Amino acid sequence: VVQDAISYAVRNGAFVAVAAGNDFERGNVLERIAEFAPQIQGMMAVGAIGRDRQRAYYSNIASYIEIVAPGGNQRTGGVTGGVIQQTYNFGFTDTYDSRDYRPPRFDVFAYHYLQGTSMATPHVAGLAALLYQQGITNPAAIEAAIERFATDLGAPGKDTEFGHGLINPRATLRGLGLAR
């Protein structure tokens, strides 16, 4: 059902980026939604790397991983090895009361260093948005451009750790003649 829904969205012009999973050290568990990304042109499963351009220790390894992006790695970079994000402060305190997090109350926002393939995936979505803004509206064409201009990491070509490599927005935009 989920695969059909994503296929429908892509057929109707939506590019879909999904997190590839953070379970490498827990048996590299298959990420059910990400697993069918290679079957849908216009959907990408995203793995994570740290600042050192190495696969983050938690990021899954699988044939469905198509691309990687910065997801943080606090194991090699300490707390600041994560990706800084402004978010609600819930989950980082001892108490949580949903009444505290309703508008117009915005003093509960805080910056936190987080890590995960869910931190990497918005980088790919952002690049896709830049391509949409430049007139590339076919999700399959967006995926092809991201893959074509990625910086290859690991074994040459597509591999199970890095997919096609690290997203490279500058090379993608310039390679398509969209930026100078």
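## Briefing

Asn-28 counts as partly exposed because its relative accessibility is 26%; buried means under 20% relative accessible area, exposed over 50%, and partly exposed in between, with a 1.4 Å probe and protein chains only. The model is predicted, so local features need pLDDT of at least 70 and side-chain atom pairs count only at pLDDT 80 or more, while totals for chains, interfaces and linings use all residues. Residues are numbered from 1 along each chain as its sequence is written, and side-chain values use heavy atoms, with hydrogens and water left out.

**Two residues with positive phi**

- Asn-28 is not a glycine, yet its phi is positive, about 55°.
- Its place is the loop between strand S1 (16-19) and S2.
- Arg-53, also a residue other than glycine, has a positive phi near 65°.
- Arg-53 belongs to the loop between S2 and S3, and it is partly exposed at a relative accessible area of 43%.

**The whole chain**

- The protein chain contains 5 helices and 5 strands; these are DSSP runs numbered from the N terminus, with helices being H or I of at least four residues and strands being E of at least two.
- Along the sequence, their pattern is α-β-β-β-α-β-β-α-α-α.
- Of the 180 residues in the protein chain, 41% are buried.
- Among contacts with a separation of 6 or more, 65% join residues 24 or more positions apart; a contact means heavy atoms within 4.5 Å.
- The protein chain exposes about 9,700 Å², and carbon and sulfur atoms supply 52% of this area. Accessible areas come from the Shrake-Rupley method with a 1.4 Å probe, and for residues only the protein chains shown count as cover.

**Helix H3**

- Helix H3 covers residues 117-133, which is 17 residues, and spans 25 Å from its first C-alpha to its last, close to the expected 24 Å. The expected span is 1.5 Å times one less than the number of residues.
- Buried residues in H3 include Thr-117, Thr-121, Val-124, Ala-128 and Leu-131.
- An α-helix has 3.6 residues a turn, so residues three or four places apart point the same way.
- Gly-135 follows H3 and has a positive phi, near 100°.

**Nonpolar cores**

- The largest nonpolar core has 20 residues, and Phe-15, Ile-67, Val-124 and Leu-131 are among those with the most contacts inside it. Such a core is a set of buried Ala, Val, Leu, Ile, Met, Phe, Trp, Tyr and Cys residues joined through side-chain atoms within 4.5 Å.
- Strand S2 (43-49), strand S3 (67-70), H3 and helix H4 (139-148) each give two or more residues to this core.
- H3 supplies the largest share of this core, 5 residues.
- Apart from this core lies another of 14 residues, including Ala-34 and Tyr-64.
- Beyond its neighbours within four places in sequence, Leu-131 contacts residues including Ile-142, Ile-146 and Leu-176.

**Rings and charges**

- There is 1 aromatic pair; rings of Phe, Tyr and Trp (its six-membered ring) pair if their centres lie within 6.5 Å, and planes under 30 degrees apart count as stacked, over 60 as edge-to-face and the rest as tilted.
- The ring centres of Tyr-57 and Tyr-58 are 5.2 Å apart and the planes stand at 85°, so the pair is edge-to-face.
- Tyr-57 is partly exposed at 22% relative accessibility, whereas Tyr-58 is buried at 6%.
- The charged end of Arg-75 sits over the ring of Tyr-57, 3.6 Å from its centre; this requires NZ of Lys or CZ of Arg within 6 Å of the ring centre and within 35 degrees of the ring normal.
- The charged end of Arg-55 sits over the ring of Phe-24, 4.0 Å from the ring centre.
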